[in-house]
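Okay, thanks for coming, everyone. Have a look at the model on the screen, and then I'll walk through a helix pair.

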Amino acid sequence: ESAEKDPGFAVAHAGLAAALFVEEGYEEARAVIASAREAAARGTEREQSQVVALDHYVNLRSADAEVAMRAHLAKYPMDLMIVQRLYLMWFFQGRFAEMGALTDAAYEVLPEDGFVHGFRAFVLEETGNSKEAVPWAEGAMKQNPEDTWGVHALAHALYDLQSYEEAIERIPPAMDACVNMNYYWNHMLWHLVLYRLAIGEYERGLQMCFDWFEREPSPR
């Protein structure tokens, strides 16, 4: 929406490109990031730095993207769009210690930000601290019920704590509050199946799979 209203808003175009990339709209993402580069040429150094980092990301230059993101955050640690992309790149590479350090740095400059709380919740769970992760996830969701990452962190933590019944009760309404979960909806449905399997409801879990995953288009 911001990109549509302000064609010269380079960072908005870059964010849209990253979102399209995640949604597997690769060609469109590359066209949009090209527009972002054009707009950034007339912008500030900070805008240009963000666009360069996301240009590398969208064009699958992961090593260059990491270097550019690190350099950007060294100057502008409050730019959460770059924090999020680097965090997720490291997640898929299994680099949890670096995710934790990145989250600590973001928390230092944005201690009240709900998104940062969600980042911390998830990395705590991934490093075996699920009990500690729960209040961080809850804090993120309290600030913003549409915080998909906070809900996702809570889903993981409750599973690890074997709190399956609690998860069955809490996660579906939390998901319903995330009206823009998009592609992540199917992933969260998979978590709901796992809870049913964990308590021995195998037939119900199987039926959920058929109901949710054996049809096109995707539920969300």
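This is a predicted model: local features need pLDDT of at least 70, side-chain atom pairs count only at pLDDT 80 or more; totals for chains, interfaces and linings use all residues.

Residues are numbered from 1 along each chain as its sequence is written, and side-chain values use heavy atoms, with hydrogens and water left out.

Buried means under 20% relative accessible area, with a 1.4 Å probe and protein chains only. That's 11 of the 13 residues in H8. Helices here are DSSP runs of H or I, at least four residues, numbered from the N terminus.

Now H10. The axes of H8 (residues 114-126) and H10 (residues 148-160) come within 8 Å and cross at roughly 25°. Axes are lines fitted to C-alpha atoms over the stretch in contact, with angles from 0 to 180 degrees between N-to-C directions. So H8 is roughly parallel to H10, a label for angles under 35 degrees.

Who touches whom? Contact means heavy atoms within 4.5 Å. On the H8 side we have, among them, Phe119, Phe122 and Glu125, and H10 brings residues including Trp149, His152 and His156.

Last one: His191, in H12 (residues 184-198), is buried at 4% relative accessible area. Leaving aside neighbours within four places in sequence, His191 is in contact with His152, Ala155 and His156.

Terms used
Helices (H or I, at least four residues) and strands (E, at least two) are DSSP runs, numbered from the N terminus. Buried means under 20% relative accessible area, exposed over 50%, partly exposed in between (1.4 Å probe, protein chains only). Angles under 35 degrees count as roughly parallel, over 145 as roughly antiparallel, 65 to 115 as roughly perpendicular and the rest as oblique.
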